[in-house]
Amino acid sequence: MRLRRRRRPVRTRRERERAIPRVACPYCCRPAALLHSQSRGYPYPANWGPAWKCATCDACIRCYAGSERPLGSLANAETREWRRRAHAALDAFWRDGGMSRSAAYRWMAKAMGLTKAEAHIGRMDPEACRQLIELIGRRER
């Protein structure tokens, strides 16, 4: 007699999006906690939506609107500062350069040798942010 293998239930896209991801801190490898604006230790101004935070390293990242998926990787204070600078440079670059935001991200991916999935400032480390700012400076000259 053959036993039938049990199939795992197929999850819909909506179910996958609702599933809470496991987020680990890239600095200490400990799990991060999901915090809401009313939670103690919430790292952002009130009501910016859910955020992931590592209690040990103080690294944090916000979530996509209406979800609990992180916008990128957790970042410590230095990384957050460099990401802010990179966003400011890229935003000025596409607005002043007469291009769309998506065109600027395509340019960034090509200039830095990244895939479309990798071309997100929210996933960059400080060195990559510095490199992007330098590339934008060279392009504007």
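Reply: Gladly! Buried means under 20% relative accessible area, exposed over 50%, and partly exposed in between, using a 1.4 Å probe and protein chains only. Arg130 counts as partly exposed because its relative accessibility is 30%. This is a predicted model, where local features need pLDDT of at least 70, side-chain atom pairs count only at pLDDT 80 or more, and totals for chains, interfaces and linings use all residues. Residues are numbered from 1 along each chain as its sequence is written, and side-chain values use heavy atoms, leaving out hydrogens and water.

Me: Where is Arg130 found?

Reply: Helices are DSSP runs of H or I with at least four residues, numbered from the N terminus. Arg130 is found in helix 4, residues 126–140.

Me: How many salt bridges does the structure hold?

Reply: Side chains of opposite charge can pair when their charged atoms come close. A salt bridge is a side-chain nitrogen of Lys or Arg within 4 Å of a carboxyl oxygen of Asp or Glu. The structure holds six.

Me: With which residue does Glu134 form a salt bridge?

Reply: With Arg138, the closest N and O atoms being 2.5 Å apart. Both lie in helix 4, four residues apart, about one turn of the helix.

Methods: Helix = DSSP H or I, 4+ residues; strand = E, 2+ residues; numbered from the N terminus.
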